[in-house]
Amino acid sequence: MIVGTRGSKLATTQTQTVVNELEEIIGEKIETKIIKTTGDKITNSQLYNMDTKGIFTKELDEALIDGSVDFTVHSFKDLPSELNDQLIITAIPKREAINEVLISNYTWAELPQNATIGTSSIRREAFCKFHGKNLQPKPLRGNVETRIRKVEEGEYDATIMALAGIKRLGLEEHVQEIFDENYIVPPAGQGALAIMTHKDSEYNDVISKLNHEDSRTEALCEKALLEGLGVGCQWPVGIISKVNGNKISISCKLLSPEGKLLAEINETTSIEKSIDTARAIGEKLKGATL
């Protein structure tokens with residue numbers, strides 16, 4: 001078997017975790033193929049100023065379709081809302097923490113007026129404004145280690161990142177603060193991985209053994225809400241869903257780019273109705289963006 005992955009330390013670390021589990025199941029070694037995506041080649045732009053559809057996945061999808069790899073591993077939040085109809089999400093392993101964290105020599109409370117915050121996320125910018133922080137956003141792209149280094153060397157006063165990636169790389173000592181998930185609400189699918197295959201792959205049954213059902217339910221529910229909203233990275237939206245038995249709670253905050261709260265919805269529904277409910281919530285929220 002051959003797995004395709006992006007080449008960053010985080011991507012290869014996440015992929016290796018999946019490979020280790022799968023190798024135990026199949027009893028043979030899996031080859032790793034590094035594939036550079038369009039998003040990896042662009043390092044100097046805010047993502048929301050670009051056509052981001054499939055920016056981190058397109059080349060990996062093509063490798064699955066042409067058969068040069070048997071499966072790929074993604075951060076779930078990088079998946080486009082619409083998947084290629086030849087491909088499927090075969091497994092979503094157990095989800096990591098969904099929280100956002102502050103990387104800075106300052107605490108959140110100590111950050112001075114007009115401090116520079118490195119980010120390429122309109123959602124993070126908007127939540128900073130929502131909480132009354134007068135910060136100066138400055139584009140910051142690159143891998144996790146590069147972003148941390150640029151802050152610690154003083155090129156930026158702070159940045160906000162996903163705790164999941166920090167934990168997977170063992171870099172928790174660089175975290176100044178962990179934000180409550182309801183304070184800076186994470187994007188759809190944060191902390192989840194997606195293992196993709198061709199729908200006709202001979203390996204689908206064995207790869208599906210890596211699936212964690214609650215994590216899959218949550219991630220697909222959050223993706224469905226985004227599909228209903230239909231705004232991608234163009235509007236600041238944070239989404240949380242949590243499975244509790246046969247129920248799932250879904251909460252969403254939609255902000256304007258200026259940090260104004262446009263809409264907030266909290267609903268609980270059955271697992272069976274989770275996708276339809278989430279998509280309907282997204283469609284409700286869509287009216288607030290018009």
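Me: How do you know how far to trust the model?
Reply: Look at pLDDT, the predictor's confidence on a scale from 0 to 100. The chain's mean is 92, and 92% of its residues reach 70 or more.

Me: Where does pLDDT stay under 50?
Reply: Over residues 46-52, for which the model still has 20 contacts beyond four places in sequence. Where pLDDT is low, the predicted coordinates should not be read in detail.

Me: On to the rings. Why is the pair of W108 and Y183 called edge-to-face?
Reply: Two rings pair if their centres lie within 6.5 Å, and planes over 60 degrees apart count as edge-to-face. For W108 and Y183 the centres are 6.3 Å apart and the planes are at 85 degrees, so the pair is edge-to-face. It is one of four aromatic pairs found in the whole structure.

Me: What makes this a link between distant parts of the chain?
Reply: W108 is in the loop between β5 (100-104) and β6 (116-118), while Y183 is in the loop between β9 (177-178) and β10 (193-198). That puts the two 75 residues apart.

Me: And why is the pair of F179 and Y183 called stacked?
Reply: Stacked needs planes under 30 degrees apart. The planes of F179 and Y183 are at 15 degrees and their centres 6.0 Å apart, so this pair is stacked. W108, F179 and Y183 together form one aromatic cluster.

Me: What makes K133 a charge over the ring of W108?
Reply: The charged end has to be within 6 Å of the ring centre and within 35 degrees of the ring normal. The charged end of K133 sits over the ring of W108, 5.0 Å from its centre. K138 lies over the face of Y156, at 4.7 Å from the ring centre.

Me: Why is strand β8 called largely enclosed?
Reply: Five of the five residues of β8 (residues 158-162) are buried, so the rest of the structure largely encloses it. A158, I160 and A162 point one way, and T159 and M161 the other.

Me: How do you know which strands pair with β8?
Reply: A pair needs at least two bridges. Five bridges join β5 to β8, running antiparallel, and two join β6 to β8, running parallel. T159 in β8 stands opposite I103 and is also the bridge partner of G118.

Me: Last one: why is I166 called buried?
Reply: Its relative accessible area is 1%, so I166 is buried. I166 sits in helix α6 (residues 163-168). Among the residues it touches are V101, I103, V144 and M161.

Terms used:
Residues are numbered from 1 along each chain as its sequence is written. This is a predicted model: local features need pLDDT of at least 70, side-chain atom pairs count only at pLDDT 80 or more; totals for chains, interfaces and linings use all residues. Side-chain values use heavy atoms; hydrogens and water are left out. Contact means heavy atoms within 4.5 Å. Helices (H or I, at least four residues) and strands (E, at least two) are DSSP runs, numbered from the N terminus. Buried means under 20% relative accessible area, exposed over 50%, partly exposed in between (1.4 Å probe, protein chains only).
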